[in-house]
Every structure is written in C-alpha cells, then in structure tokens.
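This report goes through one protein model, from single residues to the whole chain. Please keep the structure open while reading.

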Amino acid sequence: MTSSEEIIPPKTVLYCQKCGMPPEYCSYSPDFESHCLPWLKSSHPPVFKALYTGRKDKCEDAPKVSDIPLEPWTMEKRLTAFYEKYEPEKLANLPNLLVKYAGKEEQLFTALVKKYGDEPVDPYDAANEGEESDDDRIDKKIGEMSVGDKKKRRGAGAKKANKVDTRVIIQKISRNRKKAVTIVVGMDTMPGLKLKDVSKSFSKKFAGSSSVKDTATGTKEIIIQGDHTEDVAAMIVKTFKVPADAVFLDVDGEFVPFSG
C-alpha cells in the first residue's frame, strides 16, 4: 500500500438485537411492536426518535441512521472536541492529560469551561434533546413519592417524618452493550451517613470500583461497577439501616419496592 492511498475506516452498522435487521427495516418483523420498538427506544433513543417518533410503523420514508451517533462521546472525544474549538495547538498533549486526570475528568472539564467557555455539544446529546434523562426521572419519582407520603401524615408524626424523607433508588445501567454499573441515588437522605464511606463499603463488598458523582440535577449518586441491584439493596437495608420500605429498584423504568 502506497502512502497516497486513502485508508477508509470501518463503518459501524446498528442491528436490532431482537429481529437482527437494521432499525430502518424493523417494521417488517412480526415482533416489531412487541420487541423491536421497546428495545430500540431503551437502547438507542436518538435512533428511535429519528425513525419512529410520531409515525406509524412505516419504514419507506424513514431517515437513514448512519449519521446518528449510537453512543455518547468518550472522554477522549470530549476533550478532543474541546481543544479543537479553543486550543488546537494543545491537541498533541491529550494523551498526557487523560493519564494525569484519570478518574478526575469532570473536574478537568469544569476547570476548562471556567477558563475557555462552554463545552462543545455532543451530537448524541443533541439528537437525544428533549428525552427525559434517568436522573430527571428518578428525581421526579422521588418527589412524587415524597409528596404522596406527606399527604397521608398528620400531627406530630408528620412533623417528625418531614425532617428527613429517605428515598433510595437503585438501578442498573448497561454501558457498551455488555458492561453494567449499579447506580444508587438517595443515600444522602439518610442521616449520619457519609457517601464516601458508603461507597468504600460497596467497593469492598463487591470487589470492584465504586465512586460518588454529581448528577446533572445537582444530587449525588454512587456508581458501582457491575450489576448488583438486589445485593446492594439488601446491604443498604442490613448494613446502613435504611428502612426496607424506603428502598426501590428501578425495573424497566418502574420503581418497585424492595421486598428483601
């Protein structure tokens, strides 16, 4: 191969995990409504929105999905886009920055935004604009549960309960198709607990990484490597003395009380 020959990178093609066809042709599957649509909506919201929002099961005029991003930018892509916009001459130093700020990437972006300006928009986020995020959905549900419970309380008991309204939500999120993490929201509503200590306990118990992160809505969440939803719920009740009726599992978008 000569140096003048152009190397064309491979193209990623999305296939439905239910019928095996590209999403544009899912409507030809007999399981389109019962299997394909729910999978596409939960796994690839931007593609679902582009193809099927506000449409009947038609594919003839559906837009192509080849240009729709299938996943958010990685940290490297985010950093590359940032420096391409503000400081292109520093692109060569990206590998060193990624190593230096490993595990502290969000702190780096906070400092960069403060110094240079707004971060470039991820095409995945732009395509998914208007969709309710997991953080928004969980916070909304916690608020609904809190309001519903407060309506039932009366007298001195109500005043005591309203001081601390504990609600813990546990959900599993799949990343990169196979990898999964367990997200815990609401542990900061439990009096006397330090989230860093709780996170360390999870890390030790499940022999994997566990960290405390800020959500987009301003709350705190604990991210645990692996799928441990049931075990995490049991540990929260047993070890951290959170009432079982205050612990909920996010099962396919529905908040189910922990029965352990």
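Valine 247 is buried, since its relative accessible area is 0%. The model in which it sits is predicted. Valine 247 belongs to strand β5. Its C-alpha atom lies 4.8 Å from that of valine 168, although 79 residues separate valine 247 and valine 168 in the sequence. Beyond the residues up to four places away in sequence, valine 247 touches Val168, Ile170, Ala233, Ile236, Val237, Val242, Val256, Pro257 and Phe258.

**The chain as a whole**

The protein chain holds 10 helices and 6 strands. Of its 260 residues, 35% are buried. Its accessible surface comes to about 16,900 Å², and carbon and sulfur atoms hold 51% of that surface. Among the contacts with a separation of 6 or more, 55% are between residues 24 or more positions apart.

Two cysteines, Cys19 and Cys26, can be taken together. Cysteine 19 lies in the segment before α1 (32-43), and cysteine 26 lies in the segment before α1 as well. Cysteine 26, at 2% relative accessibility, counts as buried.

Leaving aside neighbours within four places in sequence, cysteine 19 is in contact with Cys26, Ser29 and Cys36. From C-alpha to C-alpha, cysteine 19 is 8.0 Å from phenylalanine 32, and the two are 13 residues apart in sequence. For cysteine 26 and cysteine 16, which are 10 residues apart along the chain, the C-alpha separation is 7.4 Å.

Helix α2 (residues 45-52) is largely enclosed by the rest of the structure, because 6 of its 8 residues are buried. The buried residues of α2 are Pro45, Pro46, Val47, Phe48, Leu51 and Tyr52.

**Aromatic rings**

A search of the whole structure finds 7 aromatic pairs. One of them joins phenylalanine 82 and tyrosine 86, with 4.8 Å between the ring centres and 40° between the planes, and this pair is tilted. Both residues lie in helix α3 (residues 75-86), 4 residues apart, or about one turn of the helix. An α-helix has 3.6 residues a turn, so residues three or four places apart point the same way.

Ring pairs link Phe82 and Tyr86 with Tyr83, Phe109 and Tyr116 into a cluster. Phenylalanine 109 also has arginine 78 over its face, at 3.9 Å from the ring centre.

**The second largest pocket**

How much space lies in the second largest pocket? The volume is about 360 Å³. The lining of this pocket has 16 residues, and those closest to the pocket centre are Gly103, Gln107, Ser211, Val212 and Lys213. The elements that give two or more residues to the lining are α5 (105-115), α9 (195-206) and β3 (210-214). Strand β3 gives the most, with 5 residues.

Alanine 207 has a positive phi of about 50° although it is not a glycine. Alanine 207 is exposed, because its relative accessible area of 73% falls in the class over 50%.

Lysine 241 has a positive phi too, near 60°, and is likewise a residue other than glycine. Its loop runs between α10 (229-238) and β5 (247-251), and β5 is the strand that holds valine 247. With 60% relative accessibility, lysine 241 counts as exposed.

**Accessibility of the residues discussed**

The table collects the relative accessible areas of single residues.

| Residue | Relative accessible area | Class |
|---|---|---|
| Cysteine 26 | 2% | buried |
| Alanine 207 | 73% | exposed |
| Lysine 241 | 60% | exposed |
| Valine 247 | 0% | buried |

Methods:
Residues numbered from 1 in each chain as written. Predicted model: local features only at pLDDT ≥ 70, side-chain atom pairs only at ≥ 80, totals over all residues. Heavy atoms only, no water. Buried < 20%, exposed > 50% of the residue type's maximum accessible area, 1.4 Å probe, protein only. Contact = heavy atoms within 4.5 Å. Areas by Shrake-Rupley, 256 points an atom, 1.4 Å probe, with all protein chains shown as cover. Phe/Tyr/Trp six-rings, centres within 6.5 Å; stacked < 30°, edge-to-face > 60°. Lys NZ or Arg CZ within 6 Å of the ring centre and 35° of its normal. 1 Å grid on protein atoms, 1.4 Å probe; cavity = no way out; pocket = protein on both sides within 12 Å on 5 of 7 lines; lining within 4 Å. Points joined across faces, edges and corners; volume = space filled by probe spheres on them.
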